[in-house]
Amino acid sequence: LSGLRSRCIGLRAHYVKTTTSTNDVAKELARQGTEEGTVVITEEQTKGRGRLGRAWQCPPRAGLCFSVVLYPRVNPMEVSQFTMLAAVAVVRAFRRLPGIDARVKWPNDVYIDGLKACGILAEMTAEADRVKFLVLGIGVNVNQTREELAPLGNAATSLRVQSGHPVSRTGVLRAILEELDSLYTLWQAEGFAPLKGLWKDVTLWYGCPVVVRGLQRVWEGIMEDIDDNGALILRLSDNSTKTFYSGEVSLRPS
Ligand code: ATP
Ligand code: BTN
């Protein structure tokens, strides 16, 4: 990744032809103490995963799958801040492409025109309430055709479908790494508050009626905000608020 405009993220990159999941490789490197900002990129994942153990499809040559190792000094509750940070970075990188209006769907997806183009999976290891390392796994649909996306059930899109022409995967990777680097630098200097502001400007359904689905039940309300760790605050019809953590629920428009 020569010429990358970055202070930390992506300065060291490992390319593996195939692996179970780049998050697995990145975690192993983190356990061995690899430099902060190390990136693991693959051509093919045999066991790519999303939240709640769901599968992530990333066809060779069309998808972009990578993971970044970070060592922020935070407690486990604060880790969702970095899912938000990564989502904003991806939105900013996508918006560098002409005509792409990307938005975050809380907590961990990036949508274009109402369809999913990217998913983010943050995983960490903690000891005595301190995060030892954090891995941010990012999967982007870059050059999948409509036909390749069809098995995902019409809910997914790619940068190629949205822009009408093939898009450079390396270009997208560079753009995301540069945006991640600048937002991580901002977080190190000023914490989560400015990122929360950036997140608000690019998120879907902010201030709008939404439905939050849990395993057992569903809540309806207005998407009021996120809290200082990135948890979703819903304003219910009785005017009370309820906070949701990313591990437990899915968000839909009402
Ligand atoms: P929600 O975030 O609302 O709970 P989700 O469908 O985004 O729902 P996640 O766990 O965030 O759920 O993402 C995993 C899901 O993403 C899988 O269940 C699958 O439906 C979908 N998926 C898998 N691969 C892709 C892909 N390449 N592009 C878009 N969606 C995909
Ligand atoms: C989701 O939508 O729930 C998150 C999907 C995250 C996919 C990326 S691809 C790179 C990294 N490796 C994985 O196994 N998952 C993430």
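Student: A salt bridge is a side-chain nitrogen of Lys or Arg within 4 Å of a carboxyl oxygen of Asp or Glu. How many does a search of the whole structure find?

Tutor: The search gives 17 salt bridges. This is a predicted model, in which local features need pLDDT of at least 70 and side-chain atom pairs count only at pLDDT 80 or more, while totals for chains, interfaces and linings use all residues. Residues are numbered from 1 along each chain as its sequence is written, chains are lettered from A and ligands numbered from 1 in the order written, and side-chain values use heavy atoms, leaving out hydrogens and water.

Student: Take Arg31. Which residue does Arg31 form a salt bridge with?

Tutor: Glu28, with the closest N and O atoms 2.9 Å apart. Both sit in helix H1, three residues apart, so about one helical turn separates them. Helices (H or I, at least four residues) and strands (E, at least two) are DSSP runs, numbered from the N terminus.

Student: What does Arg12 pair with?

Tutor: Arg12 has a salt bridge to Glu35, at 3.1 Å between the closest N and O atoms. Arg12 is in the segment before strand S1 (13-19) and Glu35 is in the loop between helix H1 (22-31) and strand S2 (39-45), so this pair ties together parts that are 23 residues apart in sequence. Arg12 is partly exposed at 42%, and Glu35 is partly exposed at 41%.

Student: And Lys132, which side chain does it meet?

Tutor: Glu127, in a salt bridge of 3.5 Å, N to O. Lys132 is partly exposed, with a relative accessible area of 43%. Elsewhere, salt bridges with shared partners join Arg5, Arg92, Arg96, Glu178 and Glu179 into one network.

Student: Why would such side chains pair at all?

Tutor: Side chains of opposite charge can pair when their charged atoms come close.

Student: Different topic. Where is Thr38?

Tutor: Thr38 lies in the loop between H1 and S2. Thr38 is buried, with 0% relative accessibility. Its side chain makes a polar contact with the side chain of Thr34 at 2.9 Å. A polar contact is a pair of N or O atoms within 3.5 Å; within protein, one must be able to donate a hydrogen and the other to accept it, and residues adjacent in sequence count only if both atoms are side-chain atoms.

Student: What does Thr38 touch beyond four places in sequence?

Tutor: Arg12, His14, Leu29, Ser67, Val68 and Val69. Contact means heavy atoms within 4.5 Å.

Student: Now Ile138. Which strand is it found in, and is it buried or exposed?

Tutor: Ile138 is in strand S7 (residues 130-141) and is buried, at 3% relative accessible area.

Student: How is the chain divided into domains?

Tutor: Domain 1 covers 13-202 and domain 2 covers 209-253, with bounds from an automatic or database domain assignment. Their centres, taken over C-alpha atoms, are 23 Å apart. The contact takes 15 residues from domain 1 and 17 residues from domain 2.

Student: How much area do domain 1 and domain 2 bury between them?

Tutor: About 1400 Å², 56% of it on carbon and sulfur atoms. Buried area is the accessible area (1.4 Å probe) that two parts lose on being put together, summed over both. On the domain 1 side, Arg51, Trp106 and Lys196 lose the most area to domain 2, together 44% of what that side buries.

Student: How many salt bridges are there between domain 1 and domain 2?

Tutor: Two. Lys196 also forms a salt bridge with Asp225, at 4.0 Å, N to O. Nine residue pairs are in polar contact across the interface of domain 1 and domain 2, both residues at pLDDT 80 or more. Helix H2 (80-94) and helix H6 (193-202) each supply at least two residues of the domain 1 side that touches domain 2.

Conventions:
Buried < 20%, exposed > 50% of the residue type's maximum accessible area, 1.4 Å probe, protein only.
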